[in-house]
Amino acid sequence: MPTIMLVDNGSKRADSTLGLRRLAAGLGERVGHRVHAVSLQHADQVPAEELHGTAADTFEPFMRDRLGNGQRAFTLVPLFFGPSGAITRFVPERYEALTRDFGPFDLRIADVLCPLPAGESRLVDILAENVVAARNASMTGENGPVVVVDHGSPSPPVTAVRHWLARELRARLPWTGVILEAAMERRRGAEYDFNGALLADLLRQLASEKPNQTVILGMLFLSPGRHAGLGGDVDAISHDIMRDFPTLRVESSRLVGDHDLIIDILADRLQQAVDQANQVGGAASSEVTRQINPAWRADSCS
């Protein structure tokens, strides 16, 4: 049986690792096998006492420990909406480094949560439910704008996932309203205009145009971190805007990773990886990853 890992990018906030562990435990219970919570980077900087006494696992040390103990087969389930460079570049680079030290081994990578062009309708279900709940919690009854906000990425294929989800969300909401998009981070320059507006800029624009309205943030985040969650950047930006525009209300939805349906999606991605691996059979390990997800080659995304 391969070692199964649920993998995120990692955060210096304990809540992020605890959320990853919760999802890994839920996925493990669903599939009947242990699933390890492993972050690619950063999480090893969180003190163990903030993680119930157990330090976070990060990808390369985790892999070196398992390979050193004779494990040769691994399945990686990405906790990513789209083909982030963390998966398309970082993991293949670490794989090559590990094979130099330990020889060839089998690393199979499941698909992302929202593979395009097909997308994932259950993510739309989650967003719609979360946005409706946030609107109801605002107690205004107003059909104000909805802003789908994510981390932001310099990669067009990753941003395309947010575009797809926002477009699909328009057809799911039980009211007619404006659906906008924003990112928490974007690089400067016209070549990154595909990433859209920064959240702070868009909220100030909306407040200037109509200060007496409620804006719902559709949070396209899986776990708490620097941006999302209590005390994150989204909260700070929202509070600053509402301080400057006292009649504006900004209401954030729940995070996607808090919804029960996310386990269903992850379980399906894991099963698809197992089925595809069985079809590939005995192909060389370095080729298996590319055959499962040929679009994830390191040269395919910027």
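Some ground rules. The model is predicted, so local features need pLDDT of at least 70 and side-chain atom pairs count only at pLDDT 80 or more, while totals for chains, interfaces and linings use all residues. Residues are numbered from 1 along each chain as its sequence is written, and side-chain values use heavy atoms, with hydrogens and water left out.

One term covers the whole talk. Helices (H or I, at least four residues) and strands (E, at least two) are DSSP runs, numbered from the N terminus.

Now strand 4. Strand 1 (residues 3-8) runs parallel to strand 4 (residues 73-78), and five bridges join them. Two partners to look for: Ile4 bridges to Thr75 in strand 4, and Met5 bridges to Leu76 in strand 4. Leu76 also stands opposite Ile109 in strand 5. Strand 4 and strand 5 pair in the parallel sense, over four bridges. Between them the chain goes through helix 3, in a right-handed β-α-β crossover. Right-handed means that, with the strands pointing away from the viewer, the path from the first strand over the helix to the second runs clockwise.

How covered is strand 4? Mostly: five of its six residues are buried. Buried means under 20% relative accessible area, exposed means over 50%, and partly exposed is in between (1.4 Å probe, protein chains only).

Strand 9 (residues 214-219) and strand 10 (residues 249-252) run parallel, joined by four bridges. Thr214 stands opposite Arg249 in strand 10. The chain gets from strand 9 to strand 10 through helix 7 (residues 233-244), and this β-α-β crossover is right-handed.

On to helix packing. Helix 2 (residues 59-68) and helix 3 (residues 85-102) pack at about 30°, with axes 11 Å apart. That makes helix 2 roughly parallel to helix 3. Axes are lines fitted to C-alpha atoms, for helices over the stretch in contact, and angles run from 0 to 180 degrees between N-to-C directions. Angles under 35 degrees count as roughly parallel, over 145 as roughly antiparallel, 65 to 115 as roughly perpendicular, and the rest as oblique. The crossing of helix 2 and helix 3 is right-handed.

Helix 6 (residues 199-209) and helix 7 have axes that come within 10 Å and cross at roughly 25°. Helix 6 and helix 7 are therefore roughly parallel. Helix 6 passes helix 7 in a right-handed crossing.

Next, helix 4 (residues 121-138). It has 18 residues and reaches 26 Å from its first C-alpha to its last, close to the 26 Å expected at 1.5 Å a residue. The expected span is 1.5 Å times one less than the number of residues. Buried residues in helix 4 include Leu123, Ile126, Leu127, Asn130, Val131 and Ala134. Asn136 also lies in helix 4. Is Asn136 buried or partly exposed? It counts as partly exposed, because its relative accessibility is 48%.

Most residues other than glycine have a negative phi, and most peptide bonds are trans. Just after helix 4, Met139 takes a positive phi of about 60°. The loop between strand 2 (35-39) and strand 3 holds His42 and His52. Phi of His42 is near 75°, and His52 has a positive phi of about 60°. His42 counts as partly exposed, at 30% relative accessibility, whereas His52 counts as exposed, at 68%.

Where is the cis bond? From Leu116 to Pro117, with omega near 15°. Pro117 sits in the loop between strand 5 and helix 4.

Technical notes
Two strands pair if DSSP finds at least two bridges between them. A crossing is left-handed if the near helix is turned anticlockwise from the far one by less than a right angle, and right-handed if clockwise.
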